[in-house]
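Could you walk me through this model in my viewer, one selection at a time? I'd like to know what to click on and what I will find there.

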Amino acid sequence: MKQPDYMDSIEACAAHYGENAQAMRTYLLCGHERAMQLDNRGPISFDGAGKLDPKIVDAYKKYGFYVFTGVLKPEELQDIEQDLEALKKRFPVGPGEKLAADGTPALGADCTAPTLVWSKPLGDPLGGSTLANGRHQVKLHEPKAADDAPDMAPFILLGSLQFSETCLRVYGHPQLLKVAEEINGKDFTPFNETLFIKEPGIGAAVSWHQDGTTHWDSEDFDQDIHGFNFMAQVYGSTAVNGVWVLPGSHKAGKVDITELVDQSGSERIRGTVPLVCEAGDVIICNRQLVHGSFANTGFEPRITVNMGFHRRSSVLNVMGAGTHNEAQIFDDAVITKRSEVIGYAIDARRQRFPQESPYEYQPFLERGLDYQWNAETKTLLHDYNALDLSI
């Protein structure tokens with residue numbers, strides 16, 4: 001990748017940090033350079049036996065993330081962009097509102113499970129709060145937005161697959177599902193799916209955190225017990241608008257982030273790097289990594305199609321964390337029901353991209369289950385995220 005061509009965004013970002021402007025500028029530039037020097041970037045590849053390239057596996061285990069390049073092709077990216085523009089027109093006019101701007105029922109208005117999360121422009125709504133089990137221990141700097149910025153703006157859409165068929169098709173990508181199988185086993189399970197919306201000059205921060213909740217003290221604890229997320233990038237990701245991670249921290253157990261910030265002397269945690277990539281790249285990111293993102297004070301948008309997966313052993317008969325829905329025990333029936341989305345995604349993708357070889361999900365084959373995507377089955381995804389397997 002070339003030297004960043006988003007220097008204007010870096011300068012704009014730094015300018016929001018007052019007396020710390022030079023420190024922020026240096027942090028962004030040095031972080032980008034360190035990220036590009038890591039050996040964890042390239043296309044998805046498998047060996048002759050169909051196993052994920054050992055170099056990819058080793059790098060993922062070492063750093064806790066890997067940038068898969070060129071996964072989503074231009075045709076698919078165009079589909080997603082068009083779909084997302086239509087989706088935004090269906091957003092409610094404000095938090096708690098039931099109508100869109102054109103007066104029609106807003107997206108998610110008939111849902112009981114959580115859908116759209118809002119923030120004040122350039123805010124950090126989770127940092128330092130008790131939300132999400134209090135995992136966002138510190139509050140990040142909240143820059144001043146422009147005078148004409150809206151009072152509130154959407155920044156996370158939960159249960160995204162019920163609203164966007166293009167996101168559903170990304171979810172059914174055969175190579176990504178094969179990677180999930182390689183990392184979490186053939187009986188891997190879903191976690192949850194979201195859209196992260198980081199519009200220029202508006203997009204909110206997500207304070208430093210680790211995603212896992214339930215298994216930190218488990219006798220079976222290891223670096224993969226809380227699963228991973230795929231982060232598919234529609235427009236790319238930069239040091240200004242992207243997620244930052246602390247490489248290797250997924251192996252450290254539960255981290256005291258407040259102490260990390262104190263040791264670093266600021267919210268610019270030492271040793272962190274941004275997830276830098278182009279449109280169409282997909283990042284696999286271990287949920288136990290210390291990670292977060294700053295408010296998007298630059299000029300490039302970031303839209304991330306986020307989708308997570310677990311090992312079945314991590315969720316079977318486990319009491320959920322209650323982070324994304326009401327806490328419940330994930331028995332076999334709950335897991336089977338929540339996994340139906342994999343079948344619908346595979347068939348939706350097959351219909352759009354018939355030249356691909358669809359992924360075959362082993363639990364469906366073993367149980368003789370078959371899922372077809374059509375107008376009737378589309379309704380079955382309504383409120384599907386009430387069963388998110390949150391741990």
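Select S264 to begin: this residue is buried, with a relative accessible area of 17%, where buried means under 20%, exposed over 50% and partly exposed in between (1.4 Å probe, protein chains only). S264 lies in helix α8, which covers residues 257-264. Now show I269 and R270: S264 is in contact with both, leaving aside its neighbours within four places in sequence; contact means heavy atoms within 4.5 Å.

A word on the ground rules. Residues are numbered from 1 along each chain as its sequence is written, and this is a predicted model in which local features need pLDDT of at least 70, side-chain atom pairs count only at pLDDT 80 or more, and totals for chains, interfaces and linings use all residues. Side-chain values use heavy atoms, with hydrogens and water left out.

Next, select the whole protein chain and colour by secondary structure: there are 13 helices and twelve strands (DSSP runs numbered from the N terminus, helices being H or I with at least four residues and strands E with at least two). The radius of gyration is 20 Å, close to the 21 Å that the globule rule gives for 391 residues, so the chain is as compact as a globular protein of that length. That radius is taken over C-alpha atoms, and the rule is 2.2 Å times the number of residues to the power 0.38.

Switch to C-alpha atoms, and they fill a box of roughly 65 × 50 × 40 Å along the principal axes. Finally, colour by burial: 58% of the 391 residues count as buried.
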